[in-house]
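Hi there,

Here is the structure I promised to pass on. Have a look at it first, and my notes follow below.

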Amino acid sequence: MFYREAGDFKSSYQEDSQTFPIKFDRLRYYGVLIVAFGIVPLFINDYWASAVAVPFLIYAIAAIGLNILVGYAGLVSLGTGGFMAVGAYSVYKLMTAFPDISIFVHVILAGVVTAAVGVLFGLPSLRIKGFYLAVATLAAQFFLVWLFNKVPWFYNYSASGQITAPERTVFSVFVTGAQTSATAKYMFCLVILTLVALVARNLTRGTVGRKWMAIRDMDIAAEIIGVNPLTTKLSAFAVSSFFIGIAGALFFSVYLGAAEVGEAFGIQKSFLILFMVIIGGLGSIFGSFAGAAFLVLLPVFLKNVLVGALGWPTDLAAHIELMIVGGLIVVFLIAEPHGLAQLWRVAKEKLRLWPFPY
Amino acid sequence: MKKTLTAWVAAAITLTSAPAFADLVVPNLSYRTGAYAANGIPYADGFNDYFTLLNERDGGIGGEKVQSPECETAYNTEKGVECYESTKGTGALVYNPLSTGITYQLIPKMSADGITLYTPGYGRTSAANGKVFKWVFNFPANYWDGASVAIKYILDQEGGDIKGKTVALVYHNSAYGKEPIRTLEELAKKHGFTLKAIPVDHPGQEQKSQWLQIRREKPDYVLMWGWGVMNQVAIQEAVNIRYPMDHFIGVWWSGSENDVAPAGDKASGYKSLSFHGTGGAYPVYDDLKKYVVDTGKASGAGDQIGTMLYSRGMYAAMIISEAIRKAQEMTGKSDVNAAEVRDGFENLDLTEARLEELGLPNFAQPIKASCENHGGPGSAKVFQWDAAAKKWNEASDWISSDREVLDPLIAEDSAAYAKEAGIEESCK
């Protein structure tokens, strides 16, 4: 009744090729934007920002980045943690070397640096595929973590090897450092996430995205019809690493404030983001959001229910939480291998026919 | 899907913020799961039990009950942030996160929020400089004290001359493990020994190559800055390569019963530092048994009482309670707030007589804090493991650290932080 193409007439090419051609979808999208930009900032407090909203926004950026590589271009990567570390350390070096330049510029530049590193580590993808490529990117993960631990220049020769984000402002509002308000943190990440999601969505709808998908579906066929595997695969690595680098920069500067590479950007991070992409749905921007929300919110939710509401001992709750999250991941992969995005797609199909299914 | 989930989370969080809190809240950011649980559990138990004892025996501190709500961090900084944010709204007075990584993260946050961060024997060493770190206290000793005490002990063993000797440092490759390196480098210059730093990555279950290197290079002494499962593996590996255990010295975080037990009898002779006594012989344990253990109120499984890290958790709780007591004394009221507790820390004067009153005679060094000095006396003892008797024996008296080397380093590092964070050094 609400959700259908019928009756929704387009009178220009522009309207016809817009991102959300169905009116209901479009309204929903605007609704989400209004809530996220207009309503949430008024009510957000420190707890909600630091425990729920900011990590969700940042993981969503990282998941979009990885989804481009794994979901759209079909190149499996386990180097996400390492690439996030590149973003974090480049933003740290930039922030300390050029304190007068806006943090916003630094975050974007950190993405650019990460894109360059990503292309470098993406070169093997021209020769190797599948699990073998996963192992090659795993090497990137370990190499980058080792590098940031080993070379003191990256952490400005601090005694402990920790990097700490100095205080920086955007329009004279603190966005990094201890004085940052919950709203500022949230808004800064939200603005960047919105930009990233728009770019990603439009890239995947256009020529670039179609080339990625052609390579993913069958690289020989794609090559025969004129898709250049070199530029296509490397552009996937570049764009993906750019987003992941931005996520790493925000993760360190806005969310954590201080980080050490082995702990914050270890192999667990790579797996976590890969799980987000797989659970959310490969090859779907919405899936990246859903996966990030699932894996960020569920542990916090379980902790609050088990320890806060039921009063269980913290260790028991922590173990049960691991089991529940792990169990749900398995259940999801068996029951819906295409992830949360597929559930959403099925729901939309049902909605098309509602209330008169045949 | 996403919306319903958000609604659930909202419901869950409203539920949890409901319980009323007592006036004195000291959150216990503990870890009872993960690779560091073997060390986190006894510490958390000791911390909780001491407050339970105060509540049961004395009715709290100055008539106010103390609550120590636990929050599981798993030694993970992200969970640490979540724990801090979820507990700080409850009127928390002091935090003791037992993790150097979480400490680094909390220093700027807590300085802005105006809550005391107490990090006995861990955290950021240069926080000993109270002129820069107003809200952070790390007495009685820090990592650099530990490094200096260990070298002094080695000097003592070698008759005062360690020129040309080699000392290896096996360390956890994180902020925690890297902290002593700078001091050890300075000490190496001063005393003429060679330092070999050997990193072990988190979590440290695999150390074959590191110990192969030690076997090949045969350092005269091995120091260890390890934590969690890394300790157990290192001690086992040292046994495997037949390294002389009495030349293997761990910092205070690498010396719990749980670390040496897996290596069995062969671990006998292993040494470790500590800035407090251990064992169940102190008079306070009589009260603890009467009011906490026998009434079934002991924290955790209750099987850690009297162990090294249990004593350390108790030590931290004791210092915090004394600081709160001092704050109550200074303000003349019992429901002190976070800022007043900070003043209590700064004016803390823990004497030998007071320790005896608390049932902990000779347990620790007296502390006299001041606005400049947040670092305490900085001395420690060396303990040696006796596997047959399953106890730690004192192998030395109090050894004080080398202030001549440490003070300039602390001044340098804290000045660098002050410059980075834009803090002006101040002490009224």
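Which hand does the crossing of H4(A) and H6(A) have? The crossing is left-handed, the term for a near helix turned anticlockwise from the far one by less than a right angle, with clockwise being right-handed.

Before the rest, a word on the source. This is a predicted model, in which local features need pLDDT of at least 70 and side-chain atom pairs count only at pLDDT 80 or more, while totals for chains, interfaces and linings use all residues. Residues are numbered from 1 along each chain as its sequence is written, with chains lettered from A and ligands numbered from 1 in the order in which they are written.

Back to the helix pair. Helix H4 of chain A covers residues 80-97 and helix H6 of chain A covers residues 130-150; helices (H or I, at least four residues) and strands (E, at least two) are DSSP runs, numbered from the N terminus. Their axes come within 7 Å and cross at roughly 35 degrees (axes are lines fitted to C-alpha atoms, for helices over the stretch in contact, and angles run from 0 to 180 degrees between N-to-C directions). From H4(A), Gly81(A), Gly82(A), Ala85(A), Val86(A) and Tyr89(A) meet residues of H6(A) that include Leu144(A) and Phe148(A); contact here requires C-beta atoms, placed from the backbone, within 7 Å. By class, this contact has 7 nonpolar, 3 polar and no charged residues (Ala, Val, Leu, Ile, Met, Phe, Trp, Tyr, Cys and Pro are nonpolar, Asp, Glu, Lys and Arg charged, and the others, Gly among them, polar).

An unreviewed UniProt entry lists residues 130-148 of chain A among its "transmembrane region" features; such annotations may be inferred rather than shown by experiment. In the model that span is 100% helix, with its end C-alpha atoms 28 Å apart.

Chain B has an open sheet of 3 strands in the order E5-E6-E7, with parallel pairing (strands pair if DSSP finds at least two bridges between them). Strands E5 (94-95) and E7 (136-137) of chain B are at the edges. E6(B), residues 116-118, pairs with E7(B) over 2 bridges, and Tyr118(B) stands opposite Phe137(B). Helix H12 of chain B (338-346) packs on this sheet, touching E5, E6 and E7 of chain B.

Finally, the two chains meet through 38 residues from chain A and 39 residues from chain B. On chain A, H13(A) gives the largest share, 9 residues.

Best wishes
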